[in-house]
Amino acid sequence: MTKVLVIADIKQGVLKSSTAQLLSKAKAIGAEAAVVAMGDNIGSLVPDLAKAGSSTQYIADDPGLKLFSAGPFASCVVNAAKQFGADLIWFGFSESGKAVAPRVAAQLNAACATDITDVKLQDGGIEVIRPAITNKVLQRVAVPGGQLVAVVRAGAFEATEDVTGSENMVKLPPPAADLKAVIRQIVSEESGEIDLGDAGVVVSVGRGVRDQAGIDLVKGLADDLKAGLGSTRAMVDAGLMPHYKQVGQTGKIVAPSLYMAIGISGAIQHLAGMKGSKVILAVNKDPEAPIFNAADYGIVGDLFEVVPILRQEIKKLRG
Amino acid sequence: MKILTTVKKVVDVELNMRVKDGAIVQEGMQYVMNAWDENAVETSIQLKENHHAETTMVSIGGGEDTVKIIRRGFAMGIKNAIQIEDAALDGADSFMYAKVLQKVYEKGVYDLVITGKQAQDTDSGQTGIILAEYLGLPCVSNVIAIEVVDDTHIKASRLGDGGTEIVELTLPAVVTVDVAINVPRLPQTRGIMMAKKMPIDVMDLAALGTSTEEIRSVGPKSKIVEFIAPEARKSGRKFEGDAAAITAQVVGLLASETKVL
Ligand SMILES: Cc1cc2nc3c(=O)[nH]c(=O)nc-3n(C[C@H](O)[C@H](O)[C@H](O)COP(=O)(O)OP(=O)(O)OC[C@H]3O[C@@H](n4cnc5c(N)ncnc54)[C@H](O)[C@@H]3O)c2cc1C
Ligand SMILES: Nc1ncnc2c1ncn2[C@@H]1O[C@H](COP(=O)(O)O)[C@@H](O)[C@H]1O
């Protein structure tokens, strides 16, 4: 039986939705699934990890794993992969996953594919689908034999209800610290904000909003919808929005049920981060803006006029 | 400080791509320096200007277009160039490129390797990280700022999941840089003229001190079976006219038609 090792995606002590999604996909392809989790004080997550669909939970619980460090995290994954005999090793989409996956592949002498959107088992080999060239094409990639380490694109796999697991915890020894790459400080994101990766609705601002007042206007809309507030790179470069809010090829990949692009032109690098959204609404004053080619609903108009009406109409709708 | 910067020739992603019979139609394609590698080059040049770093770039690939992007690196301000060209590298993957880069590193011995975070043709984001593994060097990926601490230490800021992570690296080390790290300079006329005459150290695998067998021992581990044109999004509707009326209409549709509100 094919064996899939899923790397638990834990942020601030909370298990992210990608973990259950990846475990469900493992079941869907008929594989046995285990999970590996790294962090500090994460023992309480074991029942959740089991319930999400894993038969074994490899747990590296150590104060030294409180802050992310690619080297130690990679050695935990390698250790678990060897013990479990994993054929496939899956990371959910995250910056830490992207940093660790190639290391694990190099250490295991396994193949590596980032950003995969599908996977199939085929005559003893593995086949994956992934976008390339800024999402302009898809590649079908074959791994003829052996292991594959992969980072799964956000929103690619769905969690299903029918998965079952069982608690079977295996403790991993704490890895050695990476003395040549020492994490000194984390300049944190603001806590209490809605995480873009998990948000059901994302409202993003582009250069069309011009300044802080424009951002505040759109933020009002996002707050009404309990939506995550995203941004284009142009706004980040202008110092108007923080890095971690950037949606796109170099930022977050989001796939909410509703994505609102406000004052965003629709550059391919931005589209690469949000094209997977279920429904896209765009507001732009330029009828020729490329964002309209990606949008299900496009409102041609001045956002400073449209956004207040949007808020009003949504309030009306919700009574 | 001796810096090695990697630069890759990639297809210009702004062009329209067409897929036919599982392959990308090559006609009309143009090639440029990978955007993230321009940031890597700019990072090196700034370290040269501010810390007297010695700068070398390496590109693996053949043909005029590879030479063109190397000349661009010269024109921006890089001093030395290595080009690795060998038919044995056809169909190479990240592991093979990383193995070649390992050989290049070992031949020159550098304090810092700067690669792009990802190549715009593969969108993989693997090569620099695998290279660090092969070399046994510390590595930070997705770097948005570098600060030199002393002769053997740098501080690299990376965009992580929880915010900006500041990591102190002991040199030699490998970093992969994001586009947010800087704005690459445009080559000036004088630089472009000088770049035409600067020598490129062109080597095949044998001249590099390795062999087809050694490089092929790590890959390719995977193979692109075919390219597929992505499904176009079902074309949407555009609403023009009175802002109040069209906005109300769209909100209605979000609720009744797609049921996302
Ligand atoms: C390697 C690389 C990676 C990149 N990665 C990313 C990424 O991850 N994410 C990303 O977003 N970008 C990325 N970019 C940048 C990208 O190419 C674009 O430059 C950027 O997305 C443009 O942002 P924008 O839409 O806010 O700005 P602009 O392109 O300037 O668009 C502003 C839009 O606002 C509209 N507008 C102006 N005023 C109004 C108004 N009053 N009402 C309504 N509409 C108005 C305009 O018509 C225009 O369409 C990357 C680029 C490169 C080269
Ligand atoms: N053929 C190559 N020549 C030079 N550098 C390369 C080559 N392939 C990859 N790289 C470097 O590795 C980075 C990541 O590439 P990739 O892993 O393909 O996304 C690129 O930004 C380049 O800096």
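This is a predicted model: local features need pLDDT of at least 70, side-chain atom pairs count only at pLDDT 80 or more; totals for chains, interfaces and linings use all residues.

**A space between two domains**

Mentor: The largest cavity lies between domain 1 (3–171) and domain 2 (201–317) of chain A, because both of them give residues to its lining. Domain bounds here come from an automatic or database domain assignment. As for names, residues are numbered from 1 along each chain as its sequence is written, and chains are lettered from A and ligands numbered from 1 in the order in which they are written.

A cavity is a set of points on a 1 Å grid over the protein atoms alone where a 1.4 Å probe fits but cannot get out, and lining residues have an atom within 4 Å of a point. Grid points are joined across faces, edges and corners, and the volume is the space filled by probe spheres set on the points.

With that in hand, the structure holds two cavities of 30 Å³ or more, and the largest has a volume of about 280 Å³. Its lining counts 23 residues, and those closest to its centre are Lys98(A), Lys117(B), Gln118(B), Asp123(B) and Ser124(B). Two or more lining residues come from each of α4 (95–108), β7 (111–116) and β9 (125–132) of chain A and from β9 (139–150) of chain B. These labels are DSSP runs numbered from the N terminus, with helices (H or I) of at least four residues and strands (E) of at least two. α4(A) gives the most, with three residues. By kind, the lining divides into eight nonpolar, nine polar and six charged residues. Here Ala, Val, Leu, Ile, Met, Phe, Trp, Tyr, Cys and Pro count as nonpolar, Asp, Glu, Lys and Arg as charged, and the others, Gly among them, as polar.

Now look again at the two domains of chain A. Their C-alpha centres lie 31 Å apart. Eight residues of domain 1 are in contact with eight residues of domain 2, where contact means heavy atoms within 4.5 Å.

Asp123(A) sits in the loop between β8 (118–122) and β9 of chain A, and its phi is positive, near 40°. Ile133(A), in the loop between β9 and β10 (137–143) of chain A, also has a positive phi, near 50°. Most residues other than glycine have a negative phi, and most peptide bonds are trans. Asp123(A) is exposed, with a relative accessible area of 81%, whereas Ile133(A) is buried at 4%. Buried means under 20% relative accessible area, exposed over 50%, and partly exposed in between (1.4 Å probe, protein chains only).

Next comes the second largest cavity, with about 150 Å³ of space. Of its 16 lining residues, Ser69(A), Ala70(A), Cys139(B), Val140(B) and Arg158(B) lie nearest the centre. Elements that supply at least two residues each are α3 (70–84), α4 and β13 (181–188) of chain A, with β9 and β11 (163–170) of chain B. β9(B) has the largest share, three residues. This lining divides into nine nonpolar, three polar and four charged residues.

Buried residues in α3(A) include Ala70(A), Phe73(A), Val77(A), Ala81(A) and Phe84(A). Their cover includes β1 (3–7), β4 (32–39), β5 (56–61), β6 (88–91) and α4 of chain A. Just after α3(A), Gly85(A) takes a positive phi of about 75°.

Finally, β11(B) leads us to chain B. Pro172(B) lies in the loop between β11 and β12 (173–177) of chain B, and the peptide bond from Leu171(B) to Pro172(B) is cis, with omega near 0°. Chain B has seven helices and 15 strands, and buried residues make up 54% of its 261 residues.

Key: Side-chain values use heavy atoms; hydrogens and water are left out. On a 1 Å grid over the protein atoms alone, a cavity is a set of points where a 1.4 Å probe fits but cannot get out, and a pocket is an open set with protein on both sides within 12 Å along at least five of seven lines; lining residues have an atom within 4 Å of a point.
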